[in-house]
Amino acid sequence: MSAIYSAPAFLEKAAQHMRDRAVQRDSEDGERSMAKTVAAFNALYGFDLTEEQGWQFMVLLKQSRASCGVFVPDDYEDGAAYFALAGEAAAKNRS
């Protein structure tokens, strides 16, 4: 197995993506748009999704994409980042 595809490499890339999003979105905390996203979705469709559930949905999206076609490392990198963000939301709201 190439070192570029090791488990720690995927986690490091996920962390780098999150740091990149902080710069791109001009936010110290990086990508933290899910609370606004689920609030808008809930208002439009009458659901009561939580921020954690929104991130979990994104994990499933990445899993679905990763399950077909060619190998795309980004599916696994983003999936790791989204799962970490789900954990952060769970710790904040369910601890």
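Biologist: Let's start with α3. Which of its residues are buried?

Modeller: The buried residues of α3 are Glu-51, Glu-52, Gly-54, Trp-55, Val-59 and Lys-62. They lie on the same side of the helix, because the arc they cover around the axis is only 165°. That arc is taken over the directions from the helix axis to the C-beta atoms. As for the words, buried means under 20% relative accessible area, exposed means over 50%, and partly exposed lies in between (1.4 Å probe, protein chains only). Helices here are DSSP runs of H or I with at least four residues, strands are E runs of at least two, and both are numbered from the N terminus.

Biologist: And what should I keep in mind about the model itself?

Modeller: It is a predicted model, so local features need pLDDT of at least 70 and side-chain atom pairs count only at pLDDT 80 or more, while totals for chains, interfaces and linings use all residues. Residues are numbered from 1 along each chain as its sequence is written, and side-chain values use heavy atoms, with hydrogens and water left out.

Biologist: What do the buried residues of α3 pack against?

Modeller: A contact means heavy atoms within 4.5 Å. By that rule, the buried residues of α3 pack against α2 and α4. Take Glu-52, which has a relative accessible area of 15% and therefore counts as buried. Leaving aside residues up to four places away in sequence, Glu-52 touches Ala-86, Ala-89, Ala-90 and Arg-94.

Biologist: Which exposed residues does the other face of α3 carry?

Modeller: The face turned away from the buried side carries Phe-57 and Leu-60. Leu-60 counts as exposed because its relative accessibility is 52%. Its C-alpha is 18 Å from that of Arg-32, 28 residues apart along the chain.

Biologist: How do I read the length of a helix?

Modeller: The expected span is 1.5 Å times one less than the number of residues. With 16 residues, α3 reaches 23 Å from its first C-alpha to its last, close to the 22 Å expected. For α1, the 18 residues should span 26 Å, and the end C-alpha atoms are 26 Å apart, which agrees. After α1 comes Asp-26, with a positive phi near 55°.

Biologist: Which residues of α1 are buried, then?

Modeller: They are Ala-9, Phe-10, Ala-14, His-17 and Ala-22, and what covers them includes α4.

Biologist: How should I read the largest pocket, and which residues are closest to its centre?

Modeller: On a 1 Å grid over the protein atoms alone, a pocket is an open set of points with protein on both sides within 12 Å along at least five of seven lines; a cavity is a set where a 1.4 Å probe fits but cannot get out, and lining residues have an atom within 4 Å of a point. Points are joined across faces, edges and corners, and the volume is the space filled by probe spheres set on them. Here the largest pocket has a volume of about 220 Å³. It is lined by 14 residues, and Arg-21, Glu-31, Trp-55, Tyr-82 and Leu-85 are the closest to its centre. Of the helices, α4 gives the most to the lining, with four residues.

Biologist: And the chain as a whole?

Modeller: It has four helices and zero strands. Of its 95 residues, 28% are buried. The C-alpha trace spans about 45 × 30 × 30 Å along its principal axes.
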